[in-house]
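This report is a first walk through one model, element by element. Please look at the sequence and the structure before reading on.

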Amino acid sequence: LGCLYIFIGPEIGLQNVYINQILKQRPGGHEESVESVMDRLKSTTSLFSHNTETTYIIRNDLEIMKNEKCWDLLEDITERVTLILTFTDLNKKGKFYKKFKDYVVEFEKMTTQQLYKVVKSQLEGTKSAATYFIESCDNDYNTILNNIDKFKRCGFNKIDKFTTDIIIQRIEPGDIFKLLDYIIAKDNKNTLKELNNLLASGCSELSILSMIGNRLQQVIIIIGYTDKPNIEEYTGFSKWICKNILKINKIHPNGLLQALRIVKHYDKYIKTGVLDPKVAVMSCVLKILCI
C-alpha cells in the first residue's frame with residue numbers, strides 16, 4: 001500500500017540505510033519538492049499505471065510545512081507510491097509535526113554500544129579499541145562507515161588506538177550550526193575554518209549541503225514575516241530563532257533565493273558524480289559567500 005514516512009534527526013547516515021532498504025523493495029529516487037510530484041501522488045490515470053511501485057525521496061521541503069491545503073493528500077496518496085520526507089530538524093510544536101507525528105521516525109545518534117556491533121562485525125580488535133574508534137568518529141554512523149572503508153583500503157583488518165590515530169585526523173571536529181550562522185552572516189574567515197574542520201572530520205558532504213539549504217529556506221520564511229509581532233506563530237520557529245536569524249543575516253532576499261539554487265545545483269553535482277563531494281561543498285559555500 002501507499003505509505004508516508006517522515007525521517008527527522010541528525011543521523012542522516014542511518015536514514016540512508018533505511019531509505020536504501022525501502023528502495024530495494026520499491027525503486028525510485030530523489031525529487032525537488034512535494035509540489036513537483038503532486039500529480040503523481042494522487043494520479044490513477046493510465047499515464048502512470050505502469051509505475052506500480054515508486055518511491056519519492058524529498059529532503060528538507062520547508063514549503064510543504066506551510067501548505068496546509070496539501071496535507072490531506074499526504075495521508076491519502078495512491079497505493080503505488082511510497083513518499084519519504086526527510087528533515088534535519090523539525091519543530092515539534094508546529095502544526096505540521098502535530099498533524100503527522102504518527103508518520104515520524106526520529107534518527108538520533110546511536111550509542112557507543114549500538115555502534116560497537118557495527119564496528120565489531122567488520123574489524124577485529126578489543127572493545128576498548130573499538131570504543132576509541134567510535135568516539136573518534138563522534139558516534140556518527142556515516143563517518144564510522146567511511147573510516148572503516150579507509151581501514152580496509154589501507155590493508156588494516158585489526159583496529160587499535162595507534163591505527164585509529166593514523167587513519168582519523170585528530171582535529172577540532174567542527175560545528176555545523178556555527179557554520180550555518182557564519183554563512184548567513186557572511187563571515188568568510190570563520191565559515192571556511194568551520195567548513196574545513198567538518199570536511200576533515202568526515203562529515204557527510206550531502207548532509208552539510210542539506211543543512212545549508214534548510215537554513216536558507218528558514219531565513220527566507222522568517223524574513224517574509226518580519227512585520228508580524230507574533231512571528232513565531234506564522235513561521236513555526238521559536239521567537240529566539242527568529243530574532244537571532246534576523247540579527248545575524250546579511251544576505252538580501254534575492255541573494256537567499258540565489259543561494260538556495262546554488263545549493264540545489266551542487267547537491268545534484270554530487271549525486272550525479274559530476275564533482276567530487278568535497279570540491280562541490282567548498283565551491284558551493286564560496287559562491288554563496290560571494291553573493
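## Terms and basis

Two strands count as paired if DSSP finds at least two bridges between them. Strands (E, at least two residues) and helices (H or I, at least four) are DSSP runs, numbered from the N terminus.

This is a predicted model, in which local features need pLDDT of at least 70 and side-chain atom pairs count only at pLDDT 80 or more, while totals for chains, interfaces and linings use all residues. Residues are numbered from 1 along each chain as its sequence is written, and side-chain values use heavy atoms, with hydrogens and water left out.

## The sheet

Strands of a sheet pair through backbone hydrogen bonds, either parallel or antiparallel. Here, five strands form an open sheet in the order β2-β3-β4-β1-β5, and their pairing is parallel. The edges are taken by β2 (28-30) and β5 (104-106); each has a single partner strand, so one side of each has no neighbour in the sheet. From one strand to the next, the twist averages 20°; angles run from 0 to 180 degrees between N-to-C directions, and axes are lines fitted to C-alpha atoms, for helices over the stretch in contact.

Helix α1 (residues 12-25) packs on this sheet, where it touches β1, β2, β3 and β4, and its direction makes about 165° with that of β3. Contact here means heavy atoms within 4.5 Å.

## Strand β4 and its partners

What are the bridge partners in β4 of C3 and I8? T82 is the partner of C3, and F87 is the partner of I8. L4, in turn, stands opposite L83 in β4. Six bridges connect strand β1 (residues 3-8) with β4 in the parallel sense. Strand β3 (residues 54-59) also runs parallel to β4 and is joined to it by six bridges, with Y56 having L83 as its bridge partner. β1 pairs in the parallel sense with β5 as well, over three bridges, and I6 stands opposite V104 in β5.

Seven of the seven residues of β4 (residues 81-87) are buried, so the strand is largely enclosed by the rest of the structure. Buried means under 20% relative accessible area, exposed means over 50%, and partly exposed lies in between (1.4 Å probe, protein chains only). In a regular strand the side chains alternate between the two faces of the sheet. Both faces of β4 are covered: V81, L83, L85 and F87 are buried on one side, and T82, I84 and T86 on the other.

## Two helix pairs

Helix α6 (residues 112-120) packs against helix α8 (residues 141-153) with the axes 11 Å apart and at an angle of about 25°. That angle makes α6 roughly parallel to α8; the term covers angles under 35 degrees, with over 145 called roughly antiparallel, 65 to 115 roughly perpendicular and the rest oblique. Their crossing is right-handed. From α6, L115, V118 and V119 meet Y141, I144, L145 and I148 of α8. This contact has seven nonpolar, no polar and no charged residues. Ala, Val, Leu, Ile, Met, Phe, Trp, Tyr, Cys and Pro count as nonpolar, Asp, Glu, Lys and Arg as charged, and the others, Gly among them, as polar.

The axes of helix α10 (residues 176-184) and helix α11 (residues 188-200) cross at roughly 150° and come within 9 Å. α10 and α11 are therefore roughly antiparallel. The crossing of α10 and α11 is left-handed, meaning that the near helix is turned anticlockwise from the far one by less than a right angle, with clockwise for right-handed. I176, K178, L179, Y182 and I183 of α10 make the contact with N190, T191, E194, L195 and L198 of α11. By class, the contact of α10 with α11 has six nonpolar, two polar and two charged residues.
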